[in-house]
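Thanks for coming, everyone. I'd like to walk you through one model today, so let me put it up on the screen.

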Amino acid sequence: MKLNPEQDKAVKHFEGPMLIFAGAGSGKTRVITNRIIHLIKNKNIEPSKIVALSFTNKSSKELRERVRKMIPSKETKGLILSTFHSLGLNFLKKHIELLGYHLNFLLQTPSDTEGIILDLLKSKKIDTEEIQIPLIQSNISKVKNIGQEYFDIMQSSDNIHFLSTVEIYEDYNKVMKSMNSIDFDDLILLPIKILRENEEVKKSYHKKFNFFMVDEFQDTNKTQYELIKLLINKNNNLCVVGDDDQSIYGFRGSDVSLILNFEKDFKNAETIRLLQNYRSNDKILNAANSVIKNNSGRKEKTLWTEIISDELPKYVERLDEKDEAIFLADEIEYEMKKNHIEGSQISVLFRTNYQSRPIEEELRIRGIPYKLIGAYNFFDRKEVKDLIAYIRVVANHNDELALLRILNYPKRGIGQTSISKIGEKSFEKEIPVFQVLENLCHEQGYILDIKKNTASKIYEFLELIQKYRTEFFGSNKLTETLKKFIKDIGFEKEFSLEESNEKVIKARMLNLSEFINMMYYFESEWDEKQKPTLFDFLQRLSVLTLDEEPEKKERDERVQLMTMHLSKGLEFDVVFLIGLEEGIIPSSRTIDESNIVDEERRLFYVGMTRAKKRLVLTRAKERRKYGEMYSTESSRFISEISKEYLNDLNIQSPDSEFDFLKSLESLK
DNA sequence: GGGTCACCAGTTTTT
DNA sequence: CTGGTGACCC
């Protein structure tokens with residue numbers, strides 16, 4: 001397909017700043033990929049001088065695939081296509097020592113840092129009863145992403161979460177550093193610090209990179225923007241692409257004003273607007289337009305399309321979430337069998353992750369293959385967390401969170417009393433816990449009145465860790481070592497002690513072997529001569545999700561299940577938006593603040609505009625919550641869709657009945 | 001030291 | 001309905 005004049009202009013734009021306002025489905029990704037290829041092929045720019053950034057793993061992967069399809073990979077060697085966070089990670093792998101961290105730093109996920117925060121709160125004598133750790137974490141994250149400004153707001157508030165955050169903020173960073181650990185926000189923040197403080201490093205990057213592109217710019221936050229501004233050289237070759245109507249990460253500090261003010265920041269910026277939609281048919285697009293126009297403070301624009309259809313998006317209400325799932329599965333089967341739509345071209349989008357469960361169940365019953373795209377569910381499995389904790393301790397004796405997690409798992413007779421004694425000793429003498437354990441075993445006169453039996457168990461534990469430390473770092477085969485490690489730890493034995501159901505034991509073991517596969521894939525990506533270490537693996541683990549599967553199937557029969565957030569940037573022939581109820585979308589937490597409801601509306605808009613040919617909206621009239629049934633109300637966004645663009649199958653009118661009969665006819 | 005059981009609080013969205 | 005926590009007993 002040929003580029004339209006505006007797209008062409010964007011692709012050919014060479015040097016200097018550029019802002020591309022790109023509506024949903026306006027060929028944004030095409031422009032970016034074409035521009036990259038144009039730079040390489042026509043302008044003879046070294047691929048390694050080009051950096052294209054996006055916000056989620058999902059969209060950067062998408063970009064990578066699109067580029068791969070258009071140009072042989074040897075011609076893009078060195079091209080950087082990544083998320084902000086993995087760019088930060090790679091940067092820190094080279095320079096973090098400048099800040100006094102060791103090069104083998106560890107990246108801690110929020111669930112890892114919970115324990116640290118809890119300890120700090122306790123040590124400050126803060127009553128942890130009414131404190132929600134995730135709120136503290138999100139406050140810390142906001143300080144890191146927004147800066148002093150936010151710190152001041154918290155300081156002058158009487159909100160208990162704010163005050164506690166202020167109280168522990170400094171110590172939190174200290175503790176993290178003493179563990180040689182960083183969190184997600186540090187992936188952006190620390191590189192900024194290094195670039196600001198080290199002119200030499202900054203210069204080297206100005207030489208190294210010359211062209212930057214930022215996809216989904218509306219989701220960028222201040223810190224990320226700051227990082228970009230430090231990285232670009234005086235040529236200001238920065239091209240940003242975004243759409244204010246698709247800004248859906250406000251809760252993470254993303255800042256729409258960045259895109260709205262870009263032209264002020266870069267006075268000579270060229271601005272291009274892409275308003276023709278190439279994805280959806282007119283009915284879907286008009287329905288979406290009629291919703292988004294209810295938002296205040298947006299840049300007025302109306303997308304248009306040349307694709308005409310006579311089929312309206314339809315809206316279906318079902319009894320409960322189970323019934324909704326049944327309807328969905330019926331429709332999906334119909335699409336696949338009768339319309340011959342490939343599974344991967346069908347997607348089910350929901351507001352919150354827990355909504356996927358009934359759908360998964362129903363699809364599994366019918367044997368419809370699906371792929372659940374979501375970040376954490378796999379890593380949240382207890383056995384996977386435990387295994388990772390083992391790996392962490394092997395990699396780093398001083399990862400105390402991990403150490404405490406596994407010290408008595410599988411149960412080896414090191415009980416709470418002993419653990420407390422060890423903890424006290426460590427605190428009192430200011431020696432790491434691991435050291436205390438070692439002393440306990442090797443040195444005489446260092447007995448904390450711990451029973452001989454316990455001490456010998458501790459010794460066995462240390463032996464195990466030591467053995468695998470040698471194995472992992474001594475050999476070149478991470479995966480092989482991991483398999484042995486799992487056996488030696490004795491997971492299977494422990495599982496059968498905990499659980500009599502054979503199937504559950506199998507399932508847990510299967511999760512572990514899934515983890516083994518993951519490590520195998522990871523390992524096989526590396527060159528023969530430069531094998532990855534355990535540290536490389538751990539660092540990657542925290543940034544990546546499980547959907548890194550190297551084998552690319554030619555055809556993917558799996559229906560795609562994901563949150564509306566993750567669907568951004570993607571497109572499907574058929575899209576189902578489910579659970580369209582007040583309290584879900586817009587989420588009950590946001591319902592009274594209009595600016596946040598606007599964000600929910602954008603989210604809904606993003607969901608709608610994923611559809612190419614068919615859009616189906618559903619809702620359950622009753623829904624189970626905490627095990628009890630509640631009746632629901634239809635989402636306000638449904639009623640915002642202008643009537644002429646919605647086939648509401650729940651209104652009993654002669655017309656819709658006729659449609660219904662007609663559709664029965666066509667089935668026969 | 002470890003197992004059992006009653007009680008309770010919790011589901012936004014991502015790196 | 002879940003998963004996590006803490007009291008209580010062997």
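A bit of housekeeping before that. This is a predicted model, so local features need pLDDT of at least 70 and side-chain atom pairs count only at pLDDT 80 or more, while totals for chains, interfaces and linings use all residues. Residues are numbered from 1 along each chain as its sequence is written, chains are lettered from A and ligands numbered from 1 in the order in which they are written, and side-chain values use heavy atoms, with hydrogens and water left out.

Let's begin with a sheet. Here 6 strands form an open sheet, in the order β3-β2-β6-β7-β1-β8, with parallel pairing. At the edges sit β3 (80-83) and β8 (270-274), each pairing on one side only. From one strand to the next, the twist averages 15°.

Now look at β7 (238-242). How many of its residues are buried? The count is 5 of 5, where buried means under 20% relative accessible area, exposed means over 50% and partly exposed is in between, using a 1.4 Å probe and protein chains only. Leu238, Val240 and Gly242 are on one side, Cys239 and Val241 are on the other, and all are buried. As for the neighbours, β1 joins β7 through 4 bridges, with Val241 as the bridge partner of Ile20. β6 pairs with β7 over 3 bridges, again in the parallel sense, and there Phe212 has Leu238 as its bridge partner. Out towards β3, strand β2 (residues 50-54) pairs with β3 over 4 bridges, and Leu53 stands opposite Ser82.

Helix α2 (residues 28-41) lies across β1, β2, β3, β6, β7 and β8, running at about 170° to β6. Angles here run from 0 to 180 degrees between N-to-C directions, and axes are lines fitted to C-alpha atoms, for helices over the stretch in contact.

On to the other sheet. It has 7 strands in the order β13-β14-β12-β15-β16-β11-β19; this sheet is also open, and the pairing is parallel. Its edge strands are β13 (370-373) and β19 (647-648). Keep an eye on β11 and β16, which pair over 5 bridges; Val316 has Thr618 in β16 as its bridge partner.

Next, helices. In α7 (residues 148-155), the buried residues are Tyr150, Phe151 and Met154. They cover an arc of only 105° around the axis, so they sit on the same side of α7; the arc is that of the directions from the helix axis to the C-beta atoms. These buried residues pack against α6 (133-146) and α8 (160-178).

How do α17 (residues 382-395) and α21 (residues 452-474) cross? Their axes come within 9 Å and cross at roughly 75°. That makes α17 and α21 roughly perpendicular, the class for 65 to 115 degrees; under 35 counts as roughly parallel, over 145 as roughly antiparallel, and the rest as oblique. Among the residues that meet here are Tyr390 and Val394 in α17, with Phe461 and Tyr468 in α21, contact meaning heavy atoms within 4.5 Å.

Last, salt bridges: a side-chain nitrogen of Lys or Arg within 4 Å of a carboxyl oxygen of Asp or Glu. By that rule there are 47. Lys568 and Glu216 form one of them, at 3.5 Å from N to O. Lys568 lies in the loop between α26 and β15, and Glu216 in the loop between β6 and α11, so this pair ties together parts that are 352 residues apart in sequence. Lys568 and Glu216 are both buried.

Glu317 and Arg619 form another, with the closest N and O atoms 2.5 Å apart. Glu317 lies in β11 and Arg619 in β16, so parts 302 residues apart in sequence are tied together. Arg619 is buried, at 7% relative accessible area.

Finally, Lys322, Asp330, Glu333, Glu361, Glu362 and Arg366 are linked in a network of salt bridges.

Technical notes. Helices (H or I, at least four residues) and strands (E, at least two) are DSSP runs, numbered from the N terminus. Two strands pair if DSSP finds at least two bridges between them.
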